[in-house]
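Here is a short note to read alongside the model. Please take the points in order.

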Amino acid sequence: MIIKNSEYAVSAVREDQYPKDNLPEIALAGRSNVGKSSLINTLLKRKNLARTSSQPGKTQTLNFYRVNDSFYLVDVPGYGYARVSQKKRQEFGEMIQDYLETRANLRGLIILVDSRHEPTKDDIAMYNYAQYLDLPILVVCTKIDKLKKNQLNKVRANLKKNLDLSYENVSVLTFSSVSKVHVKELGDWIEDKLK
Ligand code: GDP
């Protein structure tokens with residue numbers, strides 16, 4: 001996929017705030033700090049389009065980025081945020097659920113997991129949920145540059161132990177925003193789901 005342009009379009013917490021131009025959408029989910037903003041910026045070749053978690057005031061909304069005037073990347077707020085209240089967490093959950101369950105334009109979900117660790121409880125729940133919704137899933141194992149060569153075979157084993165990879169609509173990719181591993185493959189997966 002060749003990125004010609006990208007722009008922040010809108011933030012939404014409810015359906016009536018979602019974009020209305022009927023473009024297909026690819027959503028990205030993962031726990032906070034997994035490298036989601038970095039991945040969006042890397043894919044779109046932008047320094048600071050998606051705000052990284054090190055920047056204060058990161059809001060808990062669905063953020064829509066219009067790409068090539070032909071689709072949206074939808075940044076789903078990071079889950080597993082310890083500092084928010086139970087009530088707030090429930091609200092995020094409902095916001096994410098409403099979006100994933102009702103959005104007809106949604107063509108696929110990218111679930112980011114940290115390649116250094118086993119998927120968390122939240123990662124597993126998100127994966128099982130997306131599978132239940134019959135969404136095409138791409139599991140992206142982030143920060144692969146932090147692993148030594150001899151640790152690489154553990155990444156897939158960690159996934160396999162926790163996620164049902166026999167699901168017919170799942171692909172797995174290792175990724176790094178630092179060494180730019182598999183940026184093209186990420187774009188190819190998205191392109192394929194937009195067909
Ligand atoms: P988000 O909360 O999921 O959006 O995560 P960020 O993109 O803000 O990244 C969280 C932290 O991980 C930041 O300090 C990033 O610099 C770092 N990070 C993100 N991607 C990578 C990567 O591919 N490799 C390494 N080594 N660090 C990364």
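1. A definition to begin with: the radius of gyration is taken over C-alpha atoms, and the globule rule is 2.2 Å times the number of residues to the power 0.38. For 195 residues a compact globule would have a radius of gyration near 16 Å; the chain has 16 Å, so the two agree. Along its principal axes, the C-alpha trace spans about 50 × 40 × 35 Å.

2. On the source: this is a predicted model, where local features need pLDDT of at least 70, side-chain atom pairs count only at pLDDT 80 or more, and totals for chains, interfaces and linings use all residues. Numbering starts from 1 along each chain as its sequence is written.

3. The chain has 5 helices and 7 strands. These are DSSP runs, numbered from the N terminus: helices are H or I with at least four residues, strands are E with at least two. Their order along the sequence is β-β-α-β-β-α-β-α-β-α-β-α.

4. Of the 195 residues, 31% are buried. Buried means that 20 or more other C-beta atoms, placed from the backbone, lie within 10 Å of the residue's own.

5. Contacts are residue pairs whose C-beta atoms, placed from the backbone, lie within 7 Å. Among contacts with a separation of 6 or more, 75% join residues 24 or more positions apart.

6. Look at Ile26, in strand S2 (residues 25-30). Why does Ile26 count as buried? Because it has 22 C-beta neighbours inside 10 Å. Leaving out residues up to four places away in sequence, Ile26 touches several residues, including Phe71, Leu73, Ile110 and Ile190. Leu106 is 80 residues from Ile26 along the chain, yet their C-alpha atoms are separated by 6.0 Å.

Technical notes. Buried ≥ 20, exposed ≤ 12 C-beta atoms within 10 Å, placed from the backbone. Contact = placed C-beta atoms within 7 Å.
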